[in-house]
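Hi everyone, thanks for coming. Let me put the model up on the screen, and then I'll walk you through a helix and a few rings.

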Amino acid sequence: MRKSEQVDTVPYASCPAAYWQSLHSRYESIQAVGYSGLGRAYNMRTYRLRLAAARRILTRNNVRAKSLLEAGLGIGTYGPLWAEIGVREWTGIDVSPAAIASASRSYPMRNFFVADLVTDKIGDAGTYDLVTA
């Protein structure tokens, strides 16, 4: 790993928000949500595999959803898949403001917000056909 690709060492267990914000501030791409030290090409390949696996599972089980709550949204990588299964109302939560900003630029008509599912009180998040994390 090149020095320029190293992520600041922030203990994940003690400060997950700082860890994810560090990644999303440094990389505005799939690299922020995958394995940053392995590069963009590696992460693109693994996410293509993850998307294909998720697509097979959802198709095999005939999953259709109009509303979705996605915890750990990241940059919204699964957006095309959600459209394929009919999602019209997509709510996303992520601990990183940079991730939410990136996802909001890609999907401006969606409801994304910053929250920590461990420490923040989310309140009544509504009712959803599908919830992912």
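Let's start with a charge and a ring: Arg50 places its charged end over the ring of Tyr47, 4.5 Å from the ring centre. For that I ask that NZ of Lys or CZ of Arg be within 6 Å of the ring centre and within 35 degrees of the ring normal.

Some housekeeping before we go on. This is a predicted model, so local features need pLDDT of at least 70 and side-chain atom pairs count only at pLDDT 80 or more, while totals for chains, interfaces and linings use all residues. Residues are numbered from 1 along each chain as its sequence is written, and side-chain values use heavy atoms, with hydrogens and water left out.

Now helix 2, residues 39–60. Helices here are DSSP runs of H or I with at least four residues, strands are runs of E with at least two, and both are numbered from the N terminus. Helix 2 has 22 residues and reaches 32 Å from its first C-alpha to its last, close to the 32 Å expected; the expected span is 1.5 Å times one less than the number of residues.

Which residues of helix 2 are buried? They are Gly39, Asn43, Thr46, Tyr47, Leu51, Ala54 and Leu58. These residues cover an arc of only 145° around the axis, so they sit on the same side of helix 2; the arc is taken from the directions from the helix axis to the C-beta atoms. Buried means under 20% relative accessible area, exposed over 50%, and partly exposed in between, with a 1.4 Å probe and protein chains only. The face turned away from the buried side carries exposed Ala41, Thr59 and Arg60. Helix 3 (79–84) is included in what covers the buried residues, contact being heavy atoms within 4.5 Å.

Helix 2 is followed by Asn62, with a positive phi near 50°. Most residues other than glycine have a negative phi. Asn62 is exposed, at 63% relative accessible area.

Back to rings. Tyr47 also belongs to one aromatic cluster with Tyr78 and Trp82. Rings of Phe, Tyr and Trp (its six-membered ring) pair if their centres lie within 6.5 Å; planes under 30 degrees apart are stacked, over 60 edge-to-face, and the rest tilted. That rule gives four aromatic pairs. One of them is Trp90 with Tyr107, edge-to-face at 4.8 Å centre to centre and 65° between the planes. Trp90 is buried at 3%, whereas Tyr107 is partly exposed at 22%. Trp90 and Phe112 are also edge-to-face, with centres 5.0 Å apart and planes at 80°.
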